[in-house]
Amino acid sequence: MLVEIALHKRDLVEAEAYCEEAIELSRKIQNRSEEAATLYYFANIHRKQDRLDEAISAANQSLDYFQQMGNLRYQGILQLELARIYRYSENYKLAMAACEKSARIFNDLGDNIALVQILILWGDCYQLLEEMENALQKWNAAKDLAIYLSNSTLVQMIKSRFEGTVL
């Protein structure tokens with residue numbers, strides 16, 4: 001998808017333009033699945049542009065469509081995106097609630113890579129709330145899972161969270 005290429009290039013203006021075209025076309029041909037996926041990209045783009053209210057709106061609309069379709073994977077992805085948006089809007093309680101929902105879904109799907117990402121973000125929220133014991137608990141769970149997956153990149157990313165951490 002052209003949106004993904006533009007996002008990879010970090011060209012948010014180009015990505016948003018592709019989304020505008022994609023959303024118009026998906027609505028014209030009444031393809032709810034494509035519309036939902038495009039709304040996810042809008043949420044991602046708006047978060048990166050610090051347009052957080054628009055990001056929340058797009059993510060919630062996309063989540064609603066994927067719930068109607070019964071697509072669990074995308075429900076988990078959207079909950080994770082909402083967690084990121086809420087984290088950046090400094091609404092850490094809502095971010096953690098979205099992390100919990102996303103974790104339940106990805107646990108049921110057996111997607112351990114996604115679980116590691118969620119646990120890291122969850123720990124980051126606890127850290128921002130200055131609840132270091134809870135942060136360390138989430139980061140340790142993420143590290144253990146990354147070690148189990150033999151993913152040294154994730155292990156190093158998680159270990160960096162521990163540096164300078166004081167209880």
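At what angle do helix α2 and helix α3 pack, and how far apart are their axes?

## Packing of α2 and α3

Helix α2 (residues 12-28) packs with helix α3 (residues 32-48) at an angle of about 155 degrees, and their axes are 9 Å apart. Helices here are DSSP runs of H or I with at least four residues, numbered from the N terminus. The axes are lines fitted to C-alpha atoms over the stretch in contact, with angles running from 0 to 180 degrees between N-to-C directions. The angle therefore makes α2 roughly antiparallel to α3, a term that applies over 145 degrees. The crossing of the two helices is left-handed, meaning that the near helix is turned anticlockwise from the far one by less than a right angle.

On the α2 side, the contact (heavy atoms within 4.5 Å) is made by L12, A15, E16, C19, E20, A22, I23, S26 and R27. The α3 side contributes E34, E35, T38, L39, Y41, F42, I45, H46 and K48. The residues of this contact comprise nine nonpolar, three polar and six charged. Ala, Val, Leu, Ile, Met, Phe, Trp, Tyr, Cys and Pro count as nonpolar, Asp, Glu, Lys and Arg as charged, and the others, Gly among them, as polar.

## Basis of the model

The model is predicted, with local features requiring pLDDT of at least 70 and side-chain atom pairs counting only at pLDDT 80 or more, while totals for chains, interfaces and linings use all residues. Residues are numbered from 1 along each chain as its sequence is written, and side-chain values use heavy atoms, leaving out hydrogens and water.

## E16 in α2

E16 belongs to helix α2. Because its relative accessibility is 15%, E16 counts as buried (under 20% relative accessible area, with a 1.4 Å probe and protein chains only). Not counting residues up to four places away in sequence, E16 touches F42, I45, H46, Q49 and R51.

## Helix α6 and its surroundings

Helix α6 (residues 92-109) has 18 residues and reaches 25 Å from its first C-alpha to its last, close to the 26 Å expected at 1.5 Å a residue; the expected span is 1.5 Å times one less than the number of residues. Its buried residues are Y92, A95, M96, A98, C99, S102, A103, I105 and F106, and these pack against α5 and α7 (112-128). Just after α6, G110 takes a positive phi of about 75 degrees.

## L80 in α5

L80 lies in helix α5 (residues 72-88) and is buried, at 6% relative accessibility. Leaving aside neighbours within four places in sequence, L80 is in contact with S102, Q117, I118 and L121. The C-alpha atoms of L80 and A114 are separated by 8.9 Å, with the two residues 34 apart along the chain.

How values were computed
Buried means under 20% relative accessible area, exposed over 50%, partly exposed in between (1.4 Å probe, protein chains only). Angles under 35 degrees count as roughly parallel, over 145 as roughly antiparallel, 65 to 115 as roughly perpendicular and the rest as oblique.
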